[in-house]
Amino acid sequence: VRFPEDLEDDNTTFNPEYSHQVFGDDEVAFGYKGLKILLYYIAGNLSTFFRIEYTSKVNEKFDCVEADDVESKIREIIPPGFCTNTDDFVSLLEKEVNFKPFGMLLHTYSIHNEEAGEDITYQIYKADMACPGFREYHERLQTFLMWFIETASFIDVDDERWNYFLVFEKYNKDGATLFATVGYMTVYNYYVYPDKTRPRVSQMLILPPFQGEGHGAQLLETVHRYYMSSPTVLDITAEDPSENYVKLRDFVLVKLCQDLLCFSPVKLMQGFSQEMVTEAQQKLKINKQHTRRVYEILRLRATNMGDAEQSRSYRLDVKRRLIGPYKKKQRELAKMRRCLRPEEMTNQLNQIDLNMQREQLEESFQQLVSDYRRVLERLAQA
């Protein structure tokens, strides 16, 4: 909410992708007709207004059943101090002009907005719990995780090894410059013996009204550049990354790596090398596994897939990596032969059909190439 009229504007409303973490696997609130759970957040500081509406509700006295306590379920997520009536919320909205982003400014960028017909400015900040008011702001911000990240959990903010990166939009209201929350990322700094750290991306969320505009790539690249400048950082990883995050990471890392000498077209055609691993880690804090994906994407760009020899060479190179899990299974079978009875061995072999393995391998390869092409298309447009 930026203006009082946003409260009645359905165009500013967005719905949760997930609610099972609050209402169970069936995502059902029992005992109501016409139930509406309304959560409003002021765009910048995320002060919250919560109310429930419904046309009717079952009555324990007459219907012998009890409706779910929806309000308590929501109260478990949103921090205390939220508004319950419109007037209080609107009065807080008037103070929004005083809200300023937390922490240190890392990056400013602009994106052209077709609807507004102008460039809109965004800023990325690094914050921590020492920033006045940030702890309370973060409590409100993290409530979005429950609705938009499938396996979300709240983090221990008292652990000083957390870093917080925030994206804000700058906008004008009555001649004043205000800030709206766009999204954020949390990163945990793991210790690596003897004197390094390994930052691990834990949570990343761009709020639905801003998705698809390129903010995720801006945020991830800014975070990478922030850690790249630190001599104590070994490399950057992610905790249980989603499919969408992996695609985003592929794009950002390829963008960062494409100008390194070790990824020149001539060297790409010579195959994956230790030089690539070393340079990507030392200069960009990228680990070996992610460097390998970058290599495969950039080699695809350098390969003429219409040329039979080049295409075959690329396919074999990628499949040699993909076949790793199958070879591991074969090594396990070799061990089994030495200790299993013949009938037990037959059961194990029946589970591993070589033709099926070949089909799965080809399917994995084609899917990978399809994903890689999308990264290259996006890169060409960047």
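Which residues does Asn163 touch, not counting residues up to four places away in sequence? The first close-up takes that up, after a quick word on the model.

This is a predicted model, in which local features need pLDDT of at least 70, side-chain atom pairs count only at pLDDT 80 or more, and totals for chains, interfaces and linings use all residues. Residues are numbered from 1 along each chain as its sequence is written, and side-chain values use heavy atoms, with hydrogens and water left out.

**View 1. Asn163 and its neighbours.** Asn163 touches Lys126, Met185, Thr186, Val187, Asn189, Tyr226 and Tyr227, leaving aside residues up to four places away in sequence. Touching, or contact, means heavy atoms within 4.5 Å. Tyr227 also makes a polar contact with Asn163, side chain to side chain, at 2.8 Å. (A polar contact is a pair of N or O atoms within 3.5 Å; within protein, one must be able to donate a hydrogen and the other to accept it, and residues adjacent in sequence count only if both atoms are side-chain atoms.) Asn163 sits in strand E7, residues 162-173. Helices (H or I, at least four residues) and strands (E, at least two) are DSSP runs, numbered from the N terminus. With a relative accessible area of 10%, Asn163 is buried. Buried means under 20% relative accessible area, exposed over 50%, and partly exposed in between, using a 1.4 Å probe and protein chains only.

**View 2. His138, tucked into helix H5.** Look for His138 in helix H5. Its relative accessible area is 1%, so His138 is buried. Not counting residues up to four places away in sequence, His138 touches Met129, Ile155, Val157, Tyr164, Tyr184 and Thr186. Thr186 turns up in the contacts of Asn163 too.

View 3. Gly133 belongs to the loop between strand E6 (118-127) and helix H5 (134-141). Is Gly133 buried or partly exposed? At 37% relative accessibility, Gly133 counts as partly exposed. Gly133 and Leu92 are 41 residues apart in sequence, and their C-alpha atoms are 15 Å apart in space.

**View 4. Two cysteines and no disulfides.** Cys83 counts as buried because its relative accessibility is 8%. Cys131 is buried as well, at 16%. How many disulfides does the structure hold? The count is zero, where a disulfide is a pair of cysteine sulfur atoms within 2.5 Å.

**View 5. Helix H11 from end to end.** H11 runs over residues 288-302, and its 15 residues reach 21 Å from first C-alpha to last, close to the 21 Å expected at 1.5 Å a residue. That expected span is 1.5 Å times one less than the number of residues in the helix. At the start of H11, a side-chain oxygen of Asn287 comes to within 3.3 Å of the backbone nitrogen of Gln289. Why is H11 described as largely enclosed by the rest of the structure? Because eleven of its 15 residues are buried. Among them are His290, Arg293, Val294, Ile297 and Leu298.

**View 6. H11 alongside H12.** H11 and helix H12 (residues 308-322) pack at an angle of about 170°, with their axes 11 Å apart. That makes H11 roughly antiparallel to H12. Here, axes are lines fitted to C-alpha atoms, for helices over the stretch in contact, and angles run from 0 to 180 degrees between N-to-C directions. Angles under 35 degrees count as roughly parallel, over 145 as roughly antiparallel, 65 to 115 as roughly perpendicular and the rest as oblique. On the H11 side, Arg292, Tyr295, Glu296, Arg299, Leu300 and Ala302 do the meeting. Their partners in H12 are Gln310, Ser313, Tyr314, Asp317, Val318 and Arg321. An α-helix has 3.6 residues a turn, so residues three or four places apart point the same way.

View 7. Tyr193 and Pro194 are joined by a cis peptide bond, with omega about 0°. Pro194 is in the loop between strand E8 (176-192) and strand E9 (196-206). Glu27 is not a glycine, yet its phi is positive, near 55°. Find Glu27 in the loop between helix H1 (20-23) and strand E1 (32-33), where it counts as partly exposed at 37% relative accessibility. Leu46, also not a glycine, has a positive phi of about 65°. Leu46 lies in the loop between strand E2 (36-41) and strand E3 (48-53), and at 2% relative accessibility it is buried.
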